[in-house]
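Colleague: I have not worked with this model before. Please take me through it, one question at a time.

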Amino acid sequence: MPELPEVAGLSSFLGTHLEGTVLTKLQVLSVAVLKTASPPFTALEGRAVTGVRRFGKFVSIDADGLHFVFHLARAGWVRYTEAPAAPAGQAASGQAPAGQGTLRPGKGPIAARLAFAGKDGLHIGIDLTEAGTKKSLAVYVVEDPQDVPGIAALGPDPLDPGFSPAMFAGILAASHHQVKGVLRSQSVIAGIGNAYSDEILHAARISPYAMADSLDEETVRVLYDAIHSVLGAAVKEAMGKAPGDLKDTKRGGMRVHGRAGLPCPVCGDTVREVSFADTSLQYCPTCQTNGKFLADRRTSRFLK
């Protein structure tokens, strides 16, 4: 699932390439994908893009007073292509870019298709795609991003200057839940998901099963610093990357997440995994749990 660093990189890339272009065509290939009805999505066509912003894991393409907002969910992604305009009276050579051409609604991987025209004649295409059978990618067309329920319910952004150590300490003290779940809860802290919560807890040397309200002052400060160091480094790596490169960039930066059975790069112990019904976590016993293996408690409350 794309998380804060990838969505930050994606938003920056799209902002750089889309600002000043005109959204010429928008196709929504599934009624289930589109979560709003008013204003109609066709109202976006013909509007100039004025910017692209990130809200947690949401991306908002601002188009002259209207906003095309999307959330990529677990298996969604963006396919971006661009091509020069064809000479008058001639078809463009080669494969048409993503976002160009009309599609029929169906069960394919493309959830929405957008086409943009630049001032220099450049054609830009964006396809929002989603793999698998469980479709949860979401698209909204709104007058204000805060009209999207998921955005309105977001907790503070951990990279916002206002996210202070005192604010974070207050969040943890008020939560009698496992710290892994607190970090992942979008209504508590925006943007951190399964992968980066694993990485942050490993960097802080804290068990994912530790209760948030039991952490002492020094541990809270270490965890706060780990959030900023892990996310900050990942955002730095993601900036300037094209959408097609962001997934590999994320995987390449992981120390424990997705690395079960491999040696921990810090201590050399074997990275372990705890599996749940539809997800899993990874951790290092030596770094995080005093050498103990965590129980595979499928009814654990940390995912709630």
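Colleague: Which residue in β7 is the bridge partner of Lys25?

Modeller: This is a predicted model: local features need pLDDT of at least 70, side-chain atom pairs count only at pLDDT 80 or more, and totals for chains, interfaces and linings use all residues. Residues are numbered from 1 along each chain as its sequence is written, and side-chain values use heavy atoms, leaving out hydrogens and water. Strands β1 and β7 (residues 110–117) pair in the antiparallel sense over six bridges; strands (E, at least two residues) and helices (H or I, at least four) are DSSP runs, numbered from the N terminus, and two strands pair if DSSP finds at least two bridges between them. In β7, the partner of Lys25 is Ala115.

Colleague: How many bridges join β1 to β2?

Modeller: β1 covers residues 22–28 and β2 covers residues 47–48. Val22 has Ala48 of β2 as its bridge partner. The two strands run antiparallel, and the number of bridges is two.

Colleague: What is the strand order of the open sheet of five strands?

Modeller: The pairing in this sheet is antiparallel. Its edge strands are β2 and β6 (76–84), each pairing on one side only. Read across, the order is β2-β1-β7-β8-β6.

Colleague: There is also an open sheet of four strands. Why is one side of β3 and of β9 left without a neighbour there?

Modeller: The order is β3-β4-β5-β9, again with antiparallel pairing. β3 (51–55) and β9 (138–142) stand at the edges, so one side of each lacks a neighbour, and each has a single partner strand.

Colleague: Which residue in β5 is the bridge partner of Asp62?

Modeller: Strands β4 (residues 58–63) and β5 (residues 66–71) run antiparallel and are joined by six bridges. Asp62 has its bridge partner in β5: His67.

Colleague: What angle does the direction of α1 make with that of β3?

Modeller: α1 packs on the sheet and touches β3, β4 and β5; contact means heavy atoms within 4.5 Å. Axes are lines fitted to C-alpha atoms, for helices over the stretch in contact, and angles run from 0 to 180 degrees between N-to-C directions. With β3, the direction of α1 makes about 170°.

Colleague: How many residues of α1 are buried?

Modeller: Helix α1 spans residues 4–18 and reaches 20 Å from its first C-alpha to its last. That is close to the expected 21 Å, which is 1.5 Å times one less than the number of residues. Buried means under 20% relative accessible area, exposed over 50%, and partly exposed in between (1.4 Å probe, protein chains only). α1 is mostly covered, and among its 15 residues the buried ones number 12.

Colleague: How far apart are the axes of α1 and α6?

Modeller: Leu4, Pro5, Ala8 and Gly9 in α1 meet Leu231, Ala234, Val235 and Ala238 in α6. The residues of this contact divide into seven nonpolar, one polar and no charged; Ala, Val, Leu, Ile, Met, Phe, Trp, Tyr, Cys and Pro count as nonpolar, Asp, Glu, Lys and Arg as charged, and the others, Gly among them, as polar. α1 and α6 (residues 217–238) pack at an angle of about 30°, and their axes are apart by 8 Å.

Colleague: Is Lys250 buried or exposed?

Modeller: Lys250 is found in helix α7 (residues 243–252). Not counting residues up to four places away in sequence, Lys250 touches Met1, Glu3, Glu6, Ala195 and Tyr196. Its relative accessible area is 14%, so Lys250 is buried.

Colleague: How far apart in space are Leu281 and Val256?

Modeller: Leu281 is found in strand β11 (residues 280–283). At 0% relative accessibility, Leu281 is buried. In sequence, Leu281 and Val256 are 25 residues apart; in space, C-alpha to C-alpha, they are apart by 9.0 Å.

Colleague: What is the phi of Ala73?

Modeller: Most residues other than glycine have a negative phi. Ala73 is in the loop between β5 and β6 and is buried, with a relative accessible area of 8%. Its phi is positive, near 55°.

Colleague: Where is Pro39?

Modeller: The peptide bond from Ser38 to Pro39 is cis, with omega near 0°. Most peptide bonds are trans. Pro39 is in the loop between β1 and β2.
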